[in-house]
Amino acid sequence: MFALVDCNNFFVSCERVFRPSLIGRPVIVLSNNDGCAVALSNEAKALGFRRGDPYFKIKTEAERHGVVAFSGNHRLYGDMSARVMTVLRQEAIDLEVYSIDEAFMHLDPAIEDFADYGRRIARRVRRDTGIPVSLGIADTKTLAKVGARFAKKYPGYQSSCVIDTDEKRVKALSLTDIGDVWGIGRRNKRRLIEQGIVTALQFARLERESVRQTFTITGERTWRELNGEACIPSDWTAPDKRTITSSRSFAHDIYEIEELRQAMCAFATILGRKLREQNSYALEMTAYIATNRFNERAPQYTNSASITLPEPVSDTPAIAHAAIALLNRIWRRGYGIKKAGITITRLTTAEGRQPSLFADVNDLAKRDRLMAALDSINSSPGSPDRVRLAALGNGLKDITRREHASRLFTTRLDDIITINCKP
DNA sequence: TCTGGGGTCCTAGGACCC
DNA sequence: TCTGGGGTCCTAGGACCC
C-alpha cells in the first residue's frame with residue numbers, strides 16, 4: 001500500500017508556523033518578483049483568489065479583505081519540508097519524496113487499520129513540525145492521490161482517506177472530476193470532456209486500447225493505475241537532474257548590459273552550487289534574455305545562444321565567464337529586458353567527466369578544491385554567501401521585487417524567534 | 001508600474017547508417 | 001509508371017507535474 005502525504009497549502013502553512021496569529025486568516029504567498037499568487041490559504045481561496053493570479057491585479061482587493069501576502073521564502077520552505085520528510089521517513093518502510101510538499105510512503109501491509117494509521121501520521125507531523133498534512137492510502141499512487149484530495153476536502157476524514165476496496169474505488173472515482181486526476185492536464189481534460197468523459201470513473205471504464213491510441217502510453221499508465229494496477233515505478237532517491245535552469249523576471253525593464261551581467265553572475269552562482277551539490281559537471285549552456293511579453297506597446301525581443309564548453313565544468317567562475325560571453329552575443333541596445341536565465345545541459349558525473357585534450361589536469365583539480373573551499377565557507381552557519389564573485393555586485397537584490405519577505409526563521413541565527421516570558 | 005520558476009517524459013520527423 | 005527494409009540518434013514541441 002502507498003500513502004500519499006500532501007502538505008496542506010504548504011507555503012502558507014510554513015509562514016503560519018512562525019506567525020500562528022495568521023491561522024484562520026486569508027494568506028497568500030507570492031512567486032518570485034512578487035509576481036503571482038502561488039499558494040493560498042483556504043480563507044483566501046474562499047474570497048475568490050486563485051493560484052496564478054497576478055498580484056498587481058488583485059492587490060487592492062486583497063488588501064481590502066485583510067489578506068496577508070508574503071514574498072516566497074524558499075529557504076524556509078525547503079527547511080520545513082526536510083523536517084516533514086524526516087518524520088515521514090521514521091514511519092514508513094520506504095519514502096519517495098515527490099516534491100517539496102508531497103511524498104509517497106510505502107506502508108507495511110500488516111498494518112491493521114490504515115485509516116487510523118493515517119490519522120496518527122497526520123497528528124504526529126502536525127505536532128512535530130507544525131505543518132498540517134492530508135493522506136490518501138491505496139494500492140496505487142494515482143489512487144492514493146485521489147484519496148488525499150478527499151482527505152483534504154472533507155474534515156470528516158480527519159486527514160486520512162483510504163481506498164482499499166473496489167467499492168470505495170468506484171465511488172471515489174465517480175466523485176472525482178477527470179481534470180483532478182494526477183496525469184490528466186488541461187489539454188487532455190478538454191479532449192476528454194469533448195468526448196463526454198467527465199469523471200475519473202468514466203475514464204477508467206474506457207477501452208484500454210482506445211486510451212492508448214489517443215493518450216499514448218502515459219495516458220494508458222494513468223488508466224491502469226486508476227483500475228488498481230500499480231505501474232508507476234519507484235525512485236528511492238531523487239535522481240540527478242539532467243538539466244538545471246536558473247532564471248528570473250525583473251522588477252523593472254533593464255536597458256544596461258552591466259546589470260544583465262550581474263544577473264548572469266547570480267544565475268551562474270546558483271547553477272554552480274546546484275551542480276556541485278549533485279556532484280555533476282555541465283558541458284552545454286544556453287543563456288536567454290527576453291522583453292516583457294505582456295507589454296504589447298513595447299518593441300519585443302527575445303534571443304538565446306548556446307555553447308558547448310571545451311570540457312565539463314562546475315566551477316562558478318567558468319560558468320559565469322561562459323554566460324557573459326553568451327550574453328554579449330545576444331544583447332541588443334534599446335530593448336528593455338524583463339527576464340533572463342541560463343540553462344545547463346549534458347550533465348555528467350565526476351567519473352564521466354572528460355577533460356579537453358589540452359586541459360591542465362592540475363588546474364582542474366585546483367579549481368575543484370577552490371570550489372570545495374568556497375562551498376564550505378558559504379555553507380557554514382551564519383555566513384551564507386560570504387565569498388562570491390566580485391562581478392556579482394548586489395546580485396539579484398536590486399533588480400527583483402521582494403516587498404513582503406518573512407524571515408529565515410530556521411536557518412539564520414539573527415532571525416530566530418525570541419519569546420519573552422513575563423512572570 | 002505590475003503577469004513565476006523549475007523540471008520530466010514521450011513522440012514525430014529529419015538525418016544518417018548499412 | 002515503377003524506387004526496400006531496418007535501424008539509430010538527435011531535436012523540437014507538446015503534455016504533464018509541483
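Which element supplies the largest share of the surface near DNA strand C? Let's look at this predicted model in close-up: local features need pLDDT of at least 70 and side-chain atom pairs count only at pLDDT 80 or more, while totals for chains, interfaces and linings use all residues. Residues are numbered from 1 along each chain as its sequence is written, chains are lettered from A and ligands numbered from 1 in the order in which they are written, and side-chain values use heavy atoms, with hydrogens and water left out.

**View 1. The surface near DNA strand C.** The answer is α8, with three residues. Here, near is a residue with a heavy atom within 4 Å of the strand, and helices (H or I, at least four residues) and strands (E, at least two) are DSSP runs numbered from the N terminus. 13 residues surround DNA strand C, with D101, K145, G183, R187 and N188 the closest. Of the atoms of DNA strand C within 4 Å of the protein, 100% belong to sugar and phosphate.

**View 2. The surface near DNA strand B.** 25 residues surround DNA strand B, and sugar and phosphate make up 68% of its atoms that come within 4 Å of the protein. β9 (244-254) is one of the elements that supply at least two residues here; its six residues are the largest share.

**View 3. Polar contacts to DNA strand B.** A side-chain N or O atom of K338 sits 2.5 Å from a phosphate oxygen of DNA strand B. A polar side-chain atom of R51 lies 3.1 Å from a base oxygen of DNA strand B.

Technical notes:
A polar contact is a pair of N or O atoms within 3.5 Å; within protein, one must be able to donate a hydrogen and the other to accept it, and residues adjacent in sequence count only if both atoms are side-chain atoms.
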